[in-house]
Amino acid sequence: MDKTTKCNEQDSRIVRAAIHPGIGVSRVGNAETEFYIGPEVTAPLNKSHDFYRTPQGALKRQAARFRLYGYNAAGEVVRELTHENATLSWTVQVANRKANWFHFITAMDIPESKNLVVKRRNPLMKSAEEREQLIIAPDAVTVSGQSIHGAEYQFNTGSFKGESVYLGELQTDEKGRLLFLGGHGVSKSPSGNPL
């Protein structure tokens with residue numbers, strides 16, 4: 001083997017793995033089971049308006065799909081890791097911290113916001129213990145295998161002021177990639193106050 005051939009060959013030994021995308025975007029919908037996978041390219045094809053709804057008119061949830069890639073020592077992608085060449089097990093924990101956070105006014109990381117004063121939401125809850133109760137944090141969920149879904153993969157063990165809150169669920173596709181589906185878009189007050 002000459003020097004040119006050696007330089008053109010990629011090292012196929014995987015030394016680390018990484019999940020892509022680093023941040024996934026899912027969207028809520030009131031369809032019980034129907035969903036679609038969100039865009040995975042920068043210029044997705046346009047879809048018709050009825051693509052996003054069920055025949056009954058319910059809004060489908062947008063799932064975020066996550067993939068695992070193996071890298072060599074040079075930092076090059078060797079291949080995607082799927083059920084065909086690896087054993088994948090995904091463990092995910094989600095939380096809804098909005099009630100414990102600041103009012104949504106503007107992005108806080110832009111220069112124009114540097115002197116902006118933003119109040120916390122739910123200001124009557126003062127102590128750290130009270131504020132922690134504003135966070136909906138269900139138990140972590142683990143899923144592995146191909147085309148897996150079901151009630152045992154739901155984020156439904158969190159609560160807000162004693163009321164159970166569903167924050168979504170995990171599934172896998174036919175290759176064992178992770179799918180995260182957000183909640184059903186239910187928003188209400190535990191005390192019955194209007195929004």
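Reply: A pocket is defined on a 1 Å grid over the protein atoms alone, as an open set of points where a 1.4 Å probe fits, with protein on both sides within 12 Å along at least five of seven lines; its lining residues have an atom within 4 Å of a point. Grid points are joined across faces, edges and corners, and a volume is the space filled by probe spheres set on the points.

The model is predicted: local features need pLDDT of at least 70, side-chain atom pairs count only at pLDDT 80 or more, and totals for chains, interfaces and linings use all residues. Residues are numbered from 1 along each chain as its sequence is written, and side-chain values use heavy atoms, with hydrogens and water left out.

The largest pocket has a volume of about 1,400 Å³, and the second largest pocket holds about 290 Å³ of space. Around the largest pocket stand 45 lining residues, and nearest its centre are Asn96, Lys98, Ile136, Val165 and Leu167. This lining comprises 23 nonpolar, 15 polar and seven charged residues (Ala, Val, Leu, Ile, Met, Phe, Trp, Tyr, Cys and Pro count as nonpolar, Asp, Glu, Lys and Arg as charged, and the others, Gly among them, as polar). At least two lining residues come from each of β3 (61-71), β5 (89-92), β8 (163-165) and β10 (178-181); strands are DSSP runs of E with at least two residues, helices are runs of H or I with at least four, and both are numbered from the N terminus.

Buried means under 20% relative accessible area, exposed over 50%, and partly exposed in between (1.4 Å probe, protein chains only). Strand β5 runs antiparallel to β6 (residues 141-144), to which four bridges join it; two strands pair if DSSP finds at least two bridges between them. Ser89 has Ser144 of β6 as its bridge partner.

Ile136, one of the residues nearest the centre of the largest pocket, belongs to the loop between α2 (128-132) and β6. Ile136 counts as buried because its relative accessible area is 8%. Residues up to four places away in sequence aside, Ile136 touches Val94, Ala95, Asn96, Gly158, Ser159, Phe160, Val165 and Leu167, where contact means heavy atoms within 4.5 Å. Asn96, Val165 and Leu167 are also among the residues nearest the pocket centre.
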